[in-house]
Amino acid sequence: MRFQGLNMRDFLSRSIQTIIVFLVVGGILLLAFGGYFGRASTLFSGSLLGIQEWVSVRYLAIQDFLTAPRESATLIQRNAELEAEVARLQAEVITLEQKVAETDVLSALVDYATAKPENTYMAAAVIGRDPSPFLHYVIINRGSNDGVQRGMPIVTDQGLVGRVDAVIANAARVMLITDPASSVNVHLQKSKTDAMLLGSLTGDLSLDMISQDATVEAGDVVLTSGLGGGYPADIVVGQIVNVRKLDYELFQQATVQSVVDFTRLQIVLVITNFRAIDITPLIPETVP
Amino acid sequence: MRNLVAFPVLFLVLMLQTTIFSRLTLLSGAADLMLVTLAALAIQEQVTSAWHWAVLGGLMIGLVSGVPWFVPVVGYLIVVGLARLLQQRFWQVPVLALFAVVFTGSWVVNLLTFAALQIMGRPIALDDALGLVILPSLLLNMLLAVPVRTLIVDLANWLYPVEETL
């Protein structure tokens, strides 16, 4: 019993010593970190923190090294996501730009329609061109279901485009005034004379049948005359670029610059209240 | 049943022709995607229904175009005939055969169109037609032949798989 009692006392005394040592060391550390030991404490805490920093930096470097592949995979995935997002936004920007351009065109067409209230207009989109390079035709997305009929004139806010050549239910084929088979009776605004506007294979426009007596100059505006019943009167066609007058020829000829850019036709107006008149039966047949 | 694929394929060709290729012009000429497609298809030995494709393609073009409907039909049938004829002559060099068919076929189709338009009374001069339309179109068709062939060979192999004999 005595032996056991001695051991118990030893244990208690050691425990108390240990606790005291811990409390003293802890207290010293707390005081040192609190800066209460002046220079010595600064030196101590500085060294300790220096070691801490050194270990920390090395640890982070090793951690980076070990986890680098996973990070790069995450970055690659994130990059792909962002690239997809950028592509989607770019597509959206293009769509919106197209909408803005369409709105501009439609706005100009509305202005044109408002300026000429005597006609009834229907907007149509150009959805294709004739497959044959010999012909200057375009296809529009309005047909007989929308009231489009053969012979109806087609214009834009800039001027005359052509007329409907063939119609199906939901589409129509339009012969442009640049087509080699196109002929339009026109009137020259300044020189007040009539002429015939002809298309060509290259898409260039020329004037023929200008009287030799007329004084035609470059810059003269060309308007439809309405003669022949094919087109309404006073639609702008273009401007004369140059004139060819030869004394031995019956008529003068001229080259016309169209006001419409036929390569960039997007939206056009169909004049739906105009009915082309077929004057073919009135033309006398040549007797052999 | 596999011939029914002609409808969507040729419709796609027609759509591409009217929306894109007719706008990509060289002088006043434009590539004829339908002609090149039919030529590339007919040059494949295993394709047995190229004639049907030619009639269908010709009718589709004839429906859309201002050219009389029978002109593309006849023109494309001649192209297929040429392809069948030359395919046997140049069987070892199919690309050369395709170039020969496209070259000859372009002349035939364009001259047929020109003749039909002349009969209809359209004032087109032959030298203008040659210099501004036919020759540029011919060049564009030749340029288009190789990429189209690549696609059509895959299509032909898918539709008409070649049976290998052991």
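In chain A, strand β3 (residues 153-155) and strand β4 (residues 160-167) run antiparallel and are joined by three bridges. Strands pair if DSSP finds at least two bridges between them. The model is predicted: local features need pLDDT of at least 70, side-chain atom pairs count only at pLDDT 80 or more, and totals for chains, interfaces and linings use all residues. Residues are numbered from 1 along each chain as its sequence is written, while chains are lettered from A and ligands numbered from 1 in the order in which they are written.

**Strands and barrel of chain A**

- A:Val155 has A:Leu160 in β4(A) as its bridge partner.
- Six strands of chain A close into a barrel with antiparallel pairing, in the order β1-β2-β5-β4-β3-β12.
- From one strand to the next, the twist averages 45°; such angles run from 0 to 180 degrees between N-to-C directions, with axes as lines fitted to C-alpha atoms, for helices over the stretch in contact.
- Chain A has two helices and 12 strands, taken as DSSP runs numbered from the N terminus (helices are H or I with at least four residues, strands are E with at least two).
- Along the sequence of chain A the pattern is α-α-β-β-β-β-β-β-β-β-β-β-β-β.

**Burial and contacts in chain A**

- Of the 288 residues in chain A, 25% are buried; buried means 20 or more other C-beta atoms within 10 Å of a residue's own, exposed means 12 or fewer, and partly exposed lies in between, with C-beta atoms placed from the backbone.
- Among contacts in chain A with a separation of 6 or more, 55% are between residues 24 or more positions apart; a contact means C-beta atoms, placed from the backbone, within 7 Å.

**Domains of chain A**

- Domain 1 (122-176) and domain 2 (183-272) are given by the domain assignment of chain A, whose bounds come from an automatic or database assignment.
- The centres of domain 1 and domain 2 of chain A, taken over C-alpha atoms, are separated by 21 Å.
- Domain 1 of chain A puts 22 residues into the contact and domain 2 of chain A puts in 21 residues.
- On the side of domain 1 of chain A that touches domain 2 of chain A, β1(A) gives the most, with five residues.
- That side of domain 1 of chain A has 15 nonpolar, five polar and two charged residues; Ala, Val, Leu, Ile, Met, Phe, Trp, Tyr, Cys and Pro count as nonpolar, Asp, Glu, Lys and Arg as charged, and the others, Gly among them, as polar.

**A:Ser182**

- A:Ser182 is in the loop between β5 (172-176) and β6 (183-188) of chain A.
- With 19 other C-beta atoms within 10 Å, A:Ser182 is partly exposed.
- Not counting residues up to four places away in sequence, A:Ser182 touches A:Gly162, A:Met175, A:Leu176, A:Ile177 and A:Gly199.
- A:Ser182 and A:Gly199 are 5.5 Å apart in space, C-alpha to C-alpha, and 17 residues apart in sequence.

- In chain B, the axes of helix α2 (residues 33-42) and helix α3 (residues 50-64) come within 10 Å and cross at roughly 175°.
- α2(B) is therefore roughly antiparallel to α3(B), a term for angles over 145 degrees.
- Chain A has 16 residues in contact with 25 residues of chain B.
- On the side of chain A that touches chain B, β1 and β2 of chain A each supply at least two residues.

Methods
Two residues are in contact if their C-beta atoms, placed from the backbone, lie within 7 Å. Angles under 35 degrees count as roughly parallel, over 145 as roughly antiparallel, 65 to 115 as roughly perpendicular and the rest as oblique.
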